[in-house]
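Subject: Handover of a structure and its findings

Dear colleague,

Please find the structure below, together with its sequence.

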Amino acid sequence: ALAHHRETEVQMLRAQMNPHFLFNTLNGIGAMVEKSGIEVKALIRALTNYLRYSLDHGADALVPLGTEYDAMRDYLAIEKSRFSDDLEIECHIDEAARPVAVPGIILQPLVENAIKYGRETSELPLRVRVKVSRPDPSAVQIDVSNTGYWTEPVQREKSSHLGLQNLRRRLELLYADRHRFEVRDESGWVAVNIHIPTI
């Protein structure tokens, strides 16, 4: 019964992320409608790719990290179209990390958080870096960093850092004390580092 309850909570937490992403993406497309048709088409293509990812893997508890990474790149393509030269993005994934099974929707809330709060605290252009590595066969490391500084969640704002809180809870349910989730604020950068075991 406990395992079933935990699985139900994981599914609920994950399901909260899909509509959240869709809402933000549609807002991004809406903001671009008055610009060139080519940019709007690129945004729609990125959204279509992400929805395909959600449909193909919506029922999967775990997905290949490379598939998750590619879906995150579609999200970043939308954000780059929205913010243009005000946003600089660097991404890298080790090929050895691509086949590792991870919880779905693990990268997108990290980069969404980096852009949302980075834009509030960073000078422009905001810089976002994503690095996915496999330091050894038994683990993967996810590092998402942005220029700016950390802001504590605001109690009166229910959505403040919701994506990170949601993700932290999901990882606790899935990995207990076998993972690390760290937030660092130093030298003008905020970094979220996640270390999870391979399954």
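Which residue is the bridge partner of Ile93 in β4? The partner is Val132. Before the rest, two remarks on the source are needed. This is a predicted model, in which local features need pLDDT of at least 70 and side-chain atom pairs count only at pLDDT 80 or more, while totals for chains, interfaces and linings use all residues. Residues are numbered from 1 along each chain as its sequence is written, and side-chain values use heavy atoms, with hydrogens and water left out.

Overall content

The protein chain has 5 helices and 7 strands; helices (H or I, at least four residues) and strands (E, at least two) are DSSP runs, numbered from the N terminus. Their order from the N terminus is α-α-β-α-β-β-α-β-β-α-β-β. Of the 199 residues in the protein chain, 45% are buried, that is, under 20% relative accessible area with a 1.4 Å probe, protein chains only (exposed is over 50%, partly exposed in between). Among the contacts in the chain (heavy atoms within 4.5 Å) with a separation of 6 or more, 71% are between residues 24 or more positions apart.

The sheet

An open sheet is formed by 5 strands in the order β2-β4-β5-β7-β6, with mixed pairing; two strands pair if DSSP finds at least two bridges between them. At its edges lie β2 (87-93) and β6 (180-186), each of which pairs on one side only. From one strand to the next, the twist averages 10°; axes here are lines fitted to C-alpha atoms, for helices over the stretch in contact, and angles run from 0 to 180 degrees between N-to-C directions. β2 and β4 run parallel and are joined by 7 bridges.

Two helices pack on this sheet. α3 touches β2, β4 and β5, and its direction makes about 170° with that of β2. Helix α4 (residues 108-121) touches β2, β4, β5 and β7, and its direction makes about 20° with that of β5.

Strand β5

All 9 of the 9 residues of β5 (residues 139-147) are buried, so this strand is largely enclosed by the rest of the structure. Burial applies to both faces: Ala139, Gln141, Asp143, Ser145 and Thr147 lie on one side, and Val140, Ile142, Val144 and Asn146 on the other. β5 pairs in the antiparallel sense with β4 (residues 126-136) over 7 bridges, where Ser133 stands opposite Gln141, and a hairpin of 2 residues joins β4 to β5. β5 also runs antiparallel to β7 (residues 189-197), with 9 bridges; Asp143 stands opposite Asn193 there.

The 19 residues of α3 (residues 65-83) should span 27 Å at 1.5 Å a residue, and the end C-alpha atoms are 27 Å apart, which agrees; the expected span is 1.5 Å times one less than the number of residues. Its buried residues include Leu65, Gly66, Tyr69 and Ala71. Just after α3, Ser84 takes a positive phi of about 50°.

The axes of α3 and α4 come within 9 Å and cross at roughly 25°. The two helices are therefore roughly parallel to each other (angles under 35 degrees count as roughly parallel, over 145 as roughly antiparallel, 65 to 115 as roughly perpendicular and the rest as oblique). Glu68, Met72, Tyr75, Leu76, Glu79 and Phe83 in α3 meet Gln108, Val111, Glu112, Ile115 and Arg119 in α4.

With kind regards
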